[in-house]
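Hi everyone, thanks for coming. Today I'd like to walk you through the charged pairs and the nonpolar core of one protein model.

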Amino acid sequence: MSDVSRPAPAQGRTTARTAAVIPAAGRGVRLGPGAPKALRALNGTPMLIHAVRALAASRAVSLVVVVAPPDGAGEVKALLDADALPERTDFLVVPGGETRQESVRLGLDALPSAYDIVLVHDAARPLVPVDTVDAVIEAVREGAVAVVPALPLADTVKEVEPAATPGEPEPVVATPDRARLRAVQTPQGFDRATLVRAHEAVTGHVTDDAGMVEQLGETVVTVPGHEEAFKVTRPLDLVLAEAVLARRRLNDGF
């Protein structure tokens with residue numbers, strides 16, 4: 001948990017409606033050739049459907065906007081229509097852009113004005129527990145403008161001078177204090193107006209939406225993440241995700 005004190009709850013945000021945006025337009029080249037990463041099967045079901053279910057499991061989330069590959073919006077909509085998703089949650093599919101940042105912005109543009117809290121979630125994190133989703137939403141409701149789930153690092157981290165050619169030795173230039181570092185996950189939660197302002201003002205390369213809010217000079221706070229909210233990026237991650245699902249079925253009847 002961040003040591004930064006949270007501001008007082010913003011007026012009206014304690015009961016604000018929450019929507020989620022899932023950018024799923026990427027190709028996921030590190031998983032190899034084939035379908036876009038979000039549509040790769042996990043236990044026989046596309047990862048995207050698992051991610052949508054994970055967010056829809058929160059009773060606070062009443063709308064999920066899926067940002068699909070530009071040429072695959074129809075396929076994604078058909079997948080959502082064919083799946084048994086919670087009736088209390090509305091779903092919307094919009095075509096994405098060339099970059100993740102552009103896709104998130106298109107998802108934001110599609111949100112009705114009634115939603116004041118926005119979650120942005122990676123489709124490649126299909127197993128995030130609902131308790132993590134709820135913790136992010138609650139922190140925004142309590143007054144934070146940007147919230148990220150995060151985990152302490154288990155490994156020592158080295159800062160290096162990148163090699164000109166991949167695979168060559170890289171000189172170490174520093175060893176950051178691991179106690180001050182966190183591995184950030186999603187969903188990241190935002191006051192909608194702040195996130196929209198960030199997307200309007202920040203045009204350079206960013207790796208996550210919270211980083212854009214940081215560039216506005218706003219405070220981003222953390223809540224505890226979860227080990228099962230890992231990102232499925234490589235084939236070995238698929239094996240781990242299948243094992244997590246098998247354990248859930250055994251223990252919880254998931």
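Let's begin with a term: a salt bridge is a side-chain nitrogen of Lys or Arg within 4 Å of a carboxyl oxygen of Asp or Glu. Please keep in mind that this is a predicted model.

Our opening example is Arg247, which forms a salt bridge with Glu228; their closest N and O atoms are 1.9 Å apart. Arg247 sits in helix α7, while Glu228 is in the loop between β12 and α7, so this pair ties together parts 19 residues apart in sequence. Is each partner buried or exposed, or something in between? Arg247 is partly exposed, at 40% relative accessible area, whereas Glu228 is buried, at 9%.

Next, look at Arg197 and Glu218, another salt bridge, with the closest N and O atoms 2.8 Å apart. Here Arg197 belongs to helix α5, and Glu218 to the loop between α6 and β12, 21 residues apart.

Now find Arg125 and Asp122, whose closest N and O atoms are 3.1 Å apart in their salt bridge. Both of these residues are buried. They also belong to a network of salt bridges that links Arg100, Asp122, Arg125 and Asp209. How many salt bridges does the structure hold? The count is 9.

Let's turn to the nonpolar side. The largest nonpolar core has 36 residues, and among those touching the most other members are Ile22, Leu48 and Val147. Helix α1 gives the largest share of this core, 6 residues.

Key. Residues are numbered from 1 along each chain as its sequence is written. This is a predicted model: local features need pLDDT of at least 70, side-chain atom pairs count only at pLDDT 80 or more; totals for chains, interfaces and linings use all residues. Side-chain values use heavy atoms; hydrogens and water are left out. A nonpolar core is a set of buried Ala, Val, Leu, Ile, Met, Phe, Trp, Tyr and Cys residues joined through side-chain atoms within 4.5 Å. Buried means under 20% relative accessible area, exposed over 50%, partly exposed in between (1.4 Å probe, protein chains only). Helices (H or I, at least four residues) and strands (E, at least two) are DSSP runs, numbered from the N terminus.
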